Amino acid sequence: MLADDVARLLDEMGTLLELQGENPFRCRAYHTAADAVRGVGGDLLDMVSSGRLAAEVPGIGETIQSKITQLVTTGRLTALEELREQMPAGLVALLRVPGLGPKKIKALHEALAITSLADLRRVAESGAIAGLKGFGAKTQQKILEGLDFVESSGDRILQSTALRLVAPIVEAVRKAPGVEQVEVCGSLRRRLETIGDLDVLFAADDPAPVLDRFVALPEVAGVLAHGPTKASVRLAGGVQCDLRGVTPEQFTFALHYFTGSKAHNIAMRRRAIARGLRLNEYALEGSEGPLACRSEAELFEALGLDFIPPELREDHGEFDLAERGPIPPLIERSDLRGTFHCHTDWSDGGNTLLEMAEAARQRGLSYLGIADHSRSAGYANGLSIDRVRRQWDEIDALNETFGREFRLFKGIECDILPDGSLDYPDEVLEGFDYVVASVHSSFGQARQVMTDRIVRAVRHPLVTMLGHPSGRLLLRRDAYAVDLDAVIDAAAEAGTMIEINANPHRLDLDAPHARRARERGITLVINPDAHATGGLDDLEFGIGVARRAGLSPEHVLNTANCSEVARRLKKTSSR
Ligand code: DGT
Ligand code: CA
Ligand code: CA
Ligand code: ZN
């Protein structure tokens with residue numbers, strides 16, 4: 001075992017002890033020892049076996065020496081293993097939130113059962129922290145800001161964060177004198193689920209003054225590079241943004257190049273060479289000189305290709321598609337007529353049924369499926385059977401008032417219990433228009449157990465669609481261990497639909513699995529998992545995933561109109 005590994009485990013030991021409320025001196029001793037171990041030049045094993053560690057290395061006492069000895073000689077640390085068992089793993093991640101120390105985390109864990117960053121956000125957003133002794137509204141606000149920071153300070157950021165950060169920059173560049181065109185490029189234009197840095201491109205005859213204005217923007221915290229055609233800055237919050245300026249004649253080529261992906265670019269360049277042309281980020285050159293392209297479509301055409309949408313530019317088969325002829329039109333937000341899997345204040349949502357319905361109408365939807373949490377979801381105010389029936393009555397009454405204009409569907413987000421059974425008896429499930437089945441508990445099950453659990457639910461004749469199939473939270477929590485291909489096979493066999501959860505923290509199914517699901521003939525459903533009216537806008541992120549998966553409108557349930565949907569839901573549920 002390397003000294004670095006030993007140090008890391010000692011640090012973890014100290015941290016877990018802190019979270020347990022252990023005497024601060026004892027905790028600090030572990031961190032001090034970790035630093036000391038990192039500084040040990042010689043062979044750790046040698047020093048341990050001769051018992052010299054405590055004597056020769058300041059900062060390591062007898063107790064910790066015995067721990068290190070166990071680590072170095074057996075590769076294990078019993079005390080740490082015991083601590084890990086007592087403490088939820090997610091608690092350690094909370095230490096990344098600025099202003100949250102072990103004491104506060106311990107208090108939050110004990111008072112509100114918080115065990116992860118996701119829990120913390122949920123509770124902070126619900127307002128529950130403000131009422132806690134020793135916290136208050138100000139601390140709660142600080143925690144929310146801290147959570148934003150944690151989410152944006154990792155190596156990558158969410159697409160939703162990137163969009164928020166890039167908008168004022170694009171606006172400022174657009175307004176700068178001499179700027180003719182501005183586009184966001186890079187992974188954000190390709191709608192990748194997470195973004196490394198922001199890439200913005202503009203066209204102007206003289207780019208230099210635009211770049212000068214850019215580096216002086218209030219959003220800019222530091223300048224990494226600043227030349228006549230390119231500048232790189234760090235925005236407040238740490239995200240990098242690259243801005244490039246080209247002439248209007250170069251714009252198409254630069255737009256294509258800086259959109260990427262790198263793999264796609266390399267394939268394009270190779271294609272150009274095969275046709276006796278030379279392609280770079282500024283031009284496409286033939287034997288008789290440069291070829292003008294006023295749009296990307298013209299550039300693709302010059303290489304014998306149909307226009308390839310940015311979301312498909314990963315060199316994952318898009319060239320074959322574009323060579324054969326027109327690429328089938330990818331789904332767009334305006335194709336969606338309604339959506340499913342939305343929460344209301346009947347469970348853990350923030351708005352009433354009527355408010356959600358009105359928000360859906362305002363967004364041009366003609367139906368909305370409500371799917372509040374089922375009864376086991378105690379943490380989310382899940383519906384008892386009695387409350388289910390009362391919600392149905394309210395939905396029926398509302399539908400009366402909507403007439404033919406709009407319809408609420410009665411759904412449920414039904415917990416898949418640890419053994420794969422569902423959270424209500426069949427006679428209750430039968431009363432819903434549709435059932436979304438999701439995993440919300442026992443995330444730590446072994447891969448085969450989890451796979452069997454989900455497959456069992458997917459095969460249940462009353463399950464219409466599977467919700468957030470992998471359970472991942474981007475940049476926060478990995479997917480649970482599950483064989484998604486086996487789940488997709490089972491869903492294809494059973495005729496069960498699968499959701500693309502459009503919440504920017506989830507995007508689950510992801511694009512590669514959504515593509516596979518479509519190839520297996522599964523109908524996908526784009527669901528916002530909205531917990532408030534504004535959450536309906538997240539549908540756009542689901543469209544991004546669907547487009548990356550190559551989906552057309554006919555592959556997605558919610559492009560169908562209301563009566564068609566009613567028919568397809570019924571057919572599924574009476575299978
Ligand atoms: P990110 O920032 O990690 O989310 O991903 P991208 O795709 O935005 O990557 P980035 O910002 O490094 O570069 C933007 C685009 O510029 C990239 O998608 C393709 C192009 N590009 C960058 N470096 C190279 C390269 O070495 N070769 C080629 N062919 N293209 C490159
Ligand atoms: Ca980038
Ligand atoms: Ca970049
Ligand atoms: Zn859920």
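Student: Is D242 buried or exposed?
Tutor: D242 counts as buried, because its relative accessibility is 5% (buried is under 20% relative accessible area, exposed over 50%, partly exposed in between, with a 1.4 Å probe and protein chains only). Keep in mind that this is a predicted model, where local features need pLDDT of at least 70, side-chain atom pairs count only at pLDDT 80 or more, and totals for chains, interfaces and linings use all residues. Residues are numbered from 1 along each chain, ligands from 1 in the order written, and side-chain values use heavy atoms, without hydrogens and water.

Student: Which residue coordinates both calcium ions?
Tutor: D197 does, and the two ions, ligand 3 and ligand 2, are 3.7 Å apart.

Student: OK, switching to ligand 1. How many residues surround it?
Tutor: 16, with R156, S187, R190, G196 and D197 the closest (near means a heavy atom within 4 Å).

Student: Which polar side-chain atoms sit by its nitrogen atoms?
Tutor: An N or O atom in the Y257 side chain is 3.2 Å from a nitrogen atom of ligand 1, and a polar side-chain atom of N265 lies 3.3 Å from a nitrogen atom of the ligand.

Student: How much of ligand 1 does the protein bury?
Tutor: 71% of the 600 Å² that ligand 1 exposes when taken alone (Shrake-Rupley areas, 1.4 Å probe).

Notes. Polar contact = N/O pair within 3.5 Å; in protein donor to acceptor, adjacent residues only side chain to side chain. Donors = N, O, S within 2.8 Å, 3.2 Å for Na, K, Ca; no water.
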